[in-house]
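Subject: Structure handover

Hello,

Please find the structure below. My notes on it follow.

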Amino acid sequence: LRTPARPRYAPVMNRTLLFALSICLAFASIACGPPWKVVVQANPNPMTSSNKFFVDAVSFDKLSIGGTDEASWQSSKDAQAQASWQGDKQAMASEFSAALDDAREGVQRAGAPPGDFTVKPHVTWIEPGFNAVVASRPTEVKMDVQILDAKGTLVDEFTMQANIAASISNEALGTRLREAAKYLGRITAKYLKTRLGM
């Protein structure tokens with residue numbers, strides 16, 4: 001019996017499939033990376049021998065909102081909106097802290113400074129986002145986290161970002177900001193656990 005001749009395009013198809021598979025694997029490896037970007041990371045790791053952390057209040061110093069500074073952004077709002085914004089920041093700080101507590105598991109939290117280490121979370125950038133009938137833009141929150149030792153020396157620093165889709169169910173900016181803060185709190189706890197080898 002004659003073996004049917006292979007179609008001439010078979011090698012081309014195989015190469016195309018192999019290339020597509022390699023691209024998919026590359027994207028998968030990126031997606032599976034950690035949800036933070038390391039800025040500074042002490043080596044050797046000083047957090048392997050002690051793990052009591054004091055978590056400082058979330059800072060909003062020099063915050064950029066929608067491409068402008070906070071004061072300029074606030075100046076375009078009425079008194080009610082300005083008061084609401086202050087409440088939103090307080091709520092973000094509370095949600096971040098609560099989410100970190102829920103996710104920290106074996107990470108010990110000091111009730112007062114300095115602890116073995118101090119975690120200093122700082123919101124640097126917010127894109128408020130919006131939800132309209134024909135278009136929407138997610139709310140984006142960027143945070144920088146520094147970890148200092150008991151002497152105040154920088155040990156680790158990393159950045160992360162939360163993207164919360166704007167929809168009918170969370171039309172209020174404050175709701176989306178709270179969701180973002182929860183996510184960032186959980187990621188901070190995950191980073192600490194990773195550095196502690198948990």
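Is K62 exposed or buried? K62 counts as exposed, at 84% relative accessibility (exposed means over 50% relative accessible area, buried under 20%, partly exposed in between, with a 1.4 Å probe and protein chains only). K62 sits in the loop between strand 2 and strand 3 (64–65), and its phi is positive, about 55 degrees, although K62 is not a glycine.

Before the rest, two points on how to read these notes. The model is predicted, so local features need pLDDT of at least 70 and side-chain atom pairs count only at pLDDT 80 or more, while totals for chains, interfaces and linings use all residues. Residues are numbered from 1 along each chain as its sequence is written, and side-chain values use heavy atoms, with hydrogens and water left out.

Overall layout

The chain has four helices and ten strands (DSSP runs numbered from the N terminus: helices are H or I of at least four residues, strands are E of at least two). Along the sequence the pattern reads α-β-β-β-β-α-α-β-β-β-β-β-β-α. Of the 198 residues, 34% count as buried. Among contacts between residues at least 6 apart in sequence, 70% join residues at least 24 apart (a contact means heavy atoms within 4.5 Å).

The core

The largest nonpolar core has 37 residues, and those touching the most other members are F53, F96, V123, V141, M143, I147 and M160 (such a core is a set of buried Ala, Val, Leu, Ile, Met, Phe, Trp, Tyr and Cys residues joined through side-chain atoms within 4.5 Å). Two or more residues each come from strand 2 (52–55), helix 3 (79–104), strand 6 (117–127), strand 9 (139–149), strand 10 and helix 4 (173–195). Helix 4 gives the most to this core, with eight residues. Beyond its neighbours within four places in sequence, M160 has contacts that include F96, V141, M143, L184 and I187.

D156 and its surroundings

D156 is in strand 10 (residues 154–164) and counts as buried, at 0% relative accessibility. Which residue forms a salt bridge with D156? The partner is R195, with the closest N and O atoms 2.7 Å apart (a salt bridge is a side-chain nitrogen of Lys or Arg within 4 Å of a carboxyl oxygen of Asp or Glu). R195 lies in helix 4 and D156 in strand 10, so this pair ties together parts that are 39 residues apart in sequence. R195 is buried as well as D156.

The side chain of D156 also makes a polar contact with the side chain of Y191, at 2.6 Å, and reaches the backbone nitrogen of A42 at 3.1 Å (a polar contact is a pair of N or O atoms within 3.5 Å; within protein, one must be able to donate a hydrogen and the other to accept it, and residues adjacent in sequence count only if both atoms are side-chain atoms). Leaving aside neighbours within four places in sequence, the contacts of D156 also include V40, M47, V145 and I147.

Other salt bridges

The structure holds eight salt bridges. R178 and D88 form one of them, with the closest N and O atoms 3.1 Å apart. R178 is in helix 4 and D88 in helix 3, so the bridge ties together parts that are 90 residues apart in sequence. D88 counts as buried, at 9% relative accessibility, whereas R178 counts as partly exposed, at 28%.

K193 and E105 meet through their side chains in another, at 3.0 Å from N to O. This pair links K193 in helix 4 to E105 in the loop between helix 3 and strand 5, 88 residues apart. K193 counts as buried, at 16% relative accessibility, and E105 is exposed, at 64%. E105 also has a positive phi, near 50 degrees, in a residue other than glycine. Finally, D101, R104 and R109 are linked in a network of salt bridges.

A local backbone feature

N43 and P44 are joined by a cis peptide bond, with omega about 10 degrees. P44 lies in the loop between strand 1 and strand 2.

Regards
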